[in-house]
Amino acid sequence: MSLSQEQKFDLITRNLQEVLQPDIIKGVLAERDLKLYWGTAPTGKPHIGYFVPMTKIADFLKAGCEVTVLLADLHAFLDNMKSNWELLKYRTRYYERVIKAMLQSIGVPIEKLKFVVGTDYQLSREYCLDSYRLAAIVTEHDAKKAGAEVVKQVESALLSGLIYPGLQALDEEYLKCDAQFGGVDQRKIFVYAEKYLPQLGFKKRAHLMNVMVGGLSGSKMSSSDPDSKVDLLDDAKAVERKLKKAFCEEGNVDDNPILAFTKIVIFPTLSLKSDKPEFVVIRPEKYGGNLTFYNYQEVEDAFRDKKLHPGDLKKGVTDALNALLEPIRQQFTSREDLELVNLAYPPGPDEVSKLDLRVGKVTESVAEDDNVILQVDIGKEAPRKIGIPHGKLIPAADFNNKLVLVVTNTKPSKVANVLSHGYILFATTADKSKLKIIEPVDGAKAGDAVTIPGFPSTPEEQIAPKQKLLEKCIPHFKIEVDEVVTYKGLSLSTSSGTLKVPGMGGASLLAN
């Protein structure tokens, strides 16, 4: 059933905190469908607060709008350098993946969405010249005021923070939209755009603003504060733990982040899936049994009257939130996705970063009793001697001219009756009855570094035996079923490609 102009306007503007220039929207709808964009800067990890704009994007699409999602990588760089360009490359890819996953989790078709990366057009000659034209008429006062709620504020403001609002305004013209959508924290930038774009000869746009989600502790939900938010890939136990700690005073309906989230996320997302949304709070029979609410006001009334306990409300919201997040988690289970997350948001320090993992080439192999003594070229200095006490499992001849995987920065120690200058890693079966050399792919050469996504290599000059770094890391190495060598689920590779061990899927690793 086609919607009338009034119905489309109501869909576009419902559940918003504020709309600027609504007559522009009405004027466009009288002639055609609205074109709008929503921009997001790929800085911190997206959190559950992003469901607020997602539910509005669902409304826009239902109203027939042409919706563009701007992945504003240049803005992310300008915002007090929250991200460098290497990280931004991966964060931009992650944002697109996770935004699509969010929309799919709430049943929103994404075929009509258009995704645009900012630097695909913001570095053009025309855009740059227009940014200079804008800079020639904007005052420092207006530029600073516009970005006050969005750009990270520091005592001595960076010039980048003054440029940021102008670029966001110009995006309206270059994305050829009728309206821009964003959080209410963007309001000053929207007013700035309405003032200055007409001075450049561009038309004034309408602006739509959603309410901002409060943090779990009562402050703003922020990507940079892990205690204030629930990440979209948090597991079910992490969600439960964070919500248990959240502020939720009994009877308090005015300053309650759990109630606020119920109002602006839970019910809107439930409404997308059913005309009669049901929010169920599961309780033991001895406490009155389950409660079912059909709209937010019922929840608020019950909580105000202390008929709904904070613990029960938290449990209900936890269950509803995990139901929203589970489809997103399922889309991020592949090794490629895990690697993307690690590259976009590198984890904290890991012992493996201290190991100097390199490709070595065996230049000589000699059998001595049940041992094998190797000379291994690692691309620097003279070939080093490494002892292998597994001569019965791998004959000396099998090593001739082979490329191997070597830990090069261990302190020399006696192995197989020789002073061994490093350890070679092998694939091994669970009972250690079979060993296989891990051979880097064709094209690799002696001295090539072995890398793991998200774990930057910062090897120590020499690892002392008492540190037991190699012993700590070895259990986390594995040969996956597709024969790829991994560490904590992330693939090992050289500049020539990913390391694999044919015929050893499911095996673990052993250091000589």
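How many bridges join β5 to strand β6 (residues 206-210)? Five bridges join these two strands, and they run parallel. Two strands are said to pair if DSSP finds at least two bridges between them. In this pair, Gly-183 has Asn-210 in β6 as its bridge partner.

The structure is a predicted model, in which local features need pLDDT of at least 70 and side-chain atom pairs count only at pLDDT 80 or more, while totals for chains, interfaces and linings use all residues. Residues are numbered from 1 along each chain as its sequence is written, and side-chain values use heavy atoms, with hydrogens and water left out.

The protein contains 15 helices and 22 strands. Helices (H or I, at least four residues) and strands (E, at least two) are DSSP runs, numbered from the N terminus. Taken along the principal axes, the C-alpha atoms fill a box of roughly 90 × 70 × 50 Å. Of the 512 residues, 52% count as buried; the term buried means under 20% relative accessible area, exposed means over 50%, and partly exposed lies in between (1.4 Å probe, protein chains only). Among contacts between residues at least 6 apart in sequence, 72% join residues at least 24 apart, where contact means heavy atoms within 4.5 Å.

The strands β5 and β6 belong to an open sheet of six strands, in the order β1-β6-β5-β2-β3-β4, with mixed pairing. Its edge strands are β1 (18-20) and β4 (114-117), each of which pairs on one side only. From one strand to the next, the twist averages 25°. In general, strands of a sheet pair through backbone hydrogen bonds, either parallel or antiparallel.

Within this sheet, β2 has a parallel partner in strand β5 (residues 179-183), joined by three bridges. Here Trp-38 stands opposite Phe-181 in β5. Strand β2 (residues 35-40) also runs parallel to strand β3 (residues 66-71), and six bridges join them. Lys-35 has Glu-66 in β3 as its bridge partner. Between β2 and β3 the chain passes through helix α3 (residues 51-62), and this β-α-β crossover is right-handed. A crossover has this hand if, with the strands pointing away from the viewer, the path from the first strand over the helix to the second runs clockwise.

Helix α3 also packs against another helix. Two packed helices are described by the angle between their axes and the distance between the axes. The axes of α3 and α5 come within 10 Å and cross at roughly 65°. Such axes are lines fitted to C-alpha atoms, for helices over the stretch in contact, and angles run from 0 to 180 degrees between N-to-C directions. The contact involves Phe-51, Met-54 and Ile-57 of α3, together with Ile-99, Met-102, Leu-103 and Ser-105 of α5.

In soluble globular proteins, nonpolar side chains tend to be buried together.

Leaving aside neighbours within four places in sequence, Leu-313 is in contact with residues including Cys-248, Ile-258, Phe-279 and Phe-303. A further helix pair consists of helix α10 (residues 236-245) and helix α13 (residues 310-330), whose axes come within 10 Å and cross at roughly 145°. Among the residues that meet there are Val-239 and Leu-243 in α10, and Val-317 and Leu-321 in α13.

Phe-202 lies in the loop between α9 (187-196) and β6, and counts as buried because its relative accessibility is 16%. Most residues other than glycine have a negative phi. Lys-306, however, has a positive phi of about 60° although it is not a glycine. Lys-306 is found in the loop between α12 (296-304) and α13 and is exposed, with a relative accessible area of 53%. Glu-483 also has a positive phi, near 75°. Glu-483 occupies the loop between β17 (477-479) and β18 (485-487) and is partly exposed, at 27% relative accessible area.
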